[in-house]
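Here's a quick briefing to read alongside the model. Have the sequence and the 3D view open as you go.

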Amino acid sequence: MSSVLLLFLLLLSWVNLGGCIRLGNGGYEEWRMGSATYVKESLGHPLNDGGGACGYGDLDIFRYGRYTAGVSGALFGRGSACGGCYEVRCVNHVLWCLRGSPTVVVTATDFCAPNLGLSDDYGGWCNFPKEHFEMSEAAFLRVAKAKADIVPVQFRRVSCDRAGGMRFTITGGTSFLQVLITNVAADGEVAAVKVKGSRTGWIPMGRNWGQNWQCDADLRGQPLSFEVAGGRGTTVTAYSVAPPDWMVAQTFEGKQLVE
């Protein structure tokens, strides 16, 4: 009986303390330590005014809502983190953390730039190699008090819960094609993209910036199909997502990544 009780207590402690969370293809991530600040919505959040480093523009239009964050360079990965989901909780600060350390899931939608003129613990929170979240006010208030300045957090990558399919917005299309990919489920990341017209084979696309992907091909007048690979190897092919008469600034919906 004692050995059974011991096993139960070990399992219970693993659940309560976090352990790890499963992502697709057997991937797991442990809780890691980082820090978080927030930008007051009354100041006009930079994550929702000009696209940010991920290129999303209006986050409500692209279904990312109010629970978003800019992430430091150590997490951003030159744009590969864009669209990824993180579970965050405030820890180790009795004055500022909410009681019980509740969690919130945020989507990475911007880059938190370093400030090398300031120390890491006073204004230089996003300096490399700090792992920092500059959260929207709505997200921050789910885990900490509004009076807080910077708080210690634990965070981990989690699966993204998205409604509907992936969205492809044509952001350039004359002698080249550029597409913004949003509303990605599974791990939320886009690792590789290919595009195919009705008169071409599969053409690899490169990351231009954020989640804008580009190839040097004139595909006007052709229906567009896309092959998208997620950050953990899951791939989906969406045929004829855009009709032959597609135009720049139009958005089309295709299949969704599934873990």
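What follows is a short tour, from the whole chain down to single residues.

This is a predicted model, so keep in mind that local features need pLDDT of at least 70 and side-chain atom pairs count only at pLDDT 80 or more, while totals for chains, interfaces and linings use all residues. Residues are numbered from 1 along each chain as its sequence is written, and side-chain values use heavy atoms, with hydrogens and water left out.

**The chain overall**

- The protein chain has three helices and 16 strands, with helices (H or I, at least four residues) and strands (E, at least two) taken as DSSP runs and numbered from the N terminus.
- Of its 259 residues, 48% count as buried; buried means under 20% relative accessible area, exposed means over 50%, and partly exposed is in between (1.4 Å probe, protein chains only).
- Take the contacts (heavy atoms within 4.5 Å) between residues at least 6 apart in sequence: 69% of them join residues at least 24 apart.

**Strands and sheets**

- Two strands count as paired if DSSP finds at least two bridges between them.
- Elsewhere, β4 (residues 68–71) runs parallel to β6, joined to it by four bridges, with Asp-110 in β6 as the bridge partner of Gly-70.
- Strand β6 also pairs with β5 (residues 85–90), this time antiparallel over five bridges, and Val-88 stands opposite Val-104 in β6.

**Aromatic rings**

- Rings of Phe, Tyr and Trp (its six-membered ring) pair if their centres lie within 6.5 Å; planes under 30 degrees apart count as stacked, over 60 as edge-to-face and the rest as tilted.
- By this rule there are seven aromatic pairs.
- Tyr-38 and Phe-140 make a stacked one, at 4.6 Å centre to centre with 25° between the planes.
- That pair links distant parts of the chain, 102 residues apart: Tyr-38 is in strand β3 (residues 32–39) and Phe-140 in helix α3 (residues 137–140).
- Both Tyr-38 and Phe-140 are buried.
- Tyr-86, Phe-133 and Phe-155 form one aromatic cluster.

**Charges over rings**

- A charge sits over a ring if NZ of Lys or CZ of Arg is within 6 Å of the ring centre and within 35 degrees of the ring normal.
- Arg-89 has its charged end over the ring of Trp-31, 3.9 Å from the centre.
- Arg-157 lies over the face of Tyr-86, 5.2 Å from the ring centre.

**Around Asn-115**

- Asn-115 is in the loop between β6 (103–111) and β7 (132–136), and it is partly exposed, with a relative accessible area of 34%.
- Leaving aside neighbours within four places in sequence, Asn-115 is in contact with Gly-123, Gly-124 and Asn-127.
- The C-alpha atoms of Asn-115 and Trp-125 are 7.7 Å apart, and the two residues are ten residues apart along the chain.
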